[in-house]
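Dear colleague,

Please find below the sequence and structure that I am handing over to you. My findings follow directly after them.

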Amino acid sequence: DVEELVTASARYLGTEPESREVDVTLPDGTAVVGTVGGVFACPDGSGATVRVEFSKLGPRQRIRAWVRLVALTAAHPERRWRAVTVGRGFRGGVVVATVGPVAPRQARALLADLVALRAEGLCEPLPLPTVAAHVYARTREGGATADGALAEATRTWREGRFPECADPLYHRVFGPAAGQEVVASASPGGEEPSRFGTLALRLWRPLLAAETLR
């Protein structure tokens, strides 16, 4: 397994990694400050953040790469950036997720919305389980109805060998008996029939539009 990951990632790791500082002031005055590591220069003059995971490549790793890419692009618009994550596939082998590049103006708008979403989450527990939200958005963007996407997300949340609702994190937030109501809460006037669906698309739709998996 390790050798497969080493081989698959070698093409992205040809130079010494660097770190780039992020210091972006958003339109509302919020400052986003930090450091993005694992940055590599590409032969075509672009740049990429590269992360190799021994774990299976799932939504958590992909959303992390997306946030880093958006912040890096907003902070350093003079270069085209991509984010590459290499990990194990759920059915064996290796999967590479590549996201970007994103236009600098779009990156600033996306970063502002991610920060706003975080602020909402600091005020109340959002009905936005990571994996179930990804399933909903992926299914919805694939052409399914809201009901069909919600059914898929509910199965991910409640069923299977390792249902997401069994995670101690969600027990702490929603209680050990949290059921379908977490992903089926009403959202009058929202984009989707459920607040969960609206939030899922808000978080995942831009990423899915900019990402390739192979």
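Among contacts in the protein between residues at least 6 apart in sequence, what percentage join residues at least 24 apart? The share is 63%. Please note that this is a predicted model.

As regards secondary structure, the protein contains seven helices and six strands. Their order along the sequence is α-β-β-β-α-β-β-α-α-α-α-α-β.

On overall dimensions, the radius of gyration is 18 Å, which agrees with the value near 17 Å that a compact globule of 214 residues would have. Taken along the principal axes, the box filled by the C-alpha atoms is roughly 50 × 45 × 35 Å.

Of the 214 residues, 42% are buried. The charged side chains comprise 26 positive and 24 negative ones; the centres of these two sets are 2 Å apart.

One residue was examined individually. Thr49 belongs to strand 3, which spans residues 47–56. Thr49 counts as buried because its relative accessibility is 3%, and the cut-off for a buried residue is under 20%. Beyond its neighbours within four places in sequence, Thr49 is in contact with Val36, Gly38 and Val39, with Arg68 and Leu72, and with Arg82, Ala83 and Val84.

With kind regards

How values were computed. Residues are numbered from 1 along each chain as its sequence is written. This is a predicted model: local features need pLDDT of at least 70, side-chain atom pairs count only at pLDDT 80 or more; totals for chains, interfaces and linings use all residues. Side-chain values use heavy atoms; hydrogens and water are left out. Helices (H or I, at least four residues) and strands (E, at least two) are DSSP runs, numbered from the N terminus. The radius of gyration is taken over C-alpha atoms; the globule rule is 2.2 Å times the number of residues to the power 0.38. Buried means under 20% relative accessible area, exposed over 50%, partly exposed in between (1.4 Å probe, protein chains only). Contact means heavy atoms within 4.5 Å. Lys and Arg count as positive and Asp and Glu as negative; His and the chain ends are not counted. The place of a charge is taken as NZ of Lys, CZ of Arg, CG of Asp or CD of Glu.
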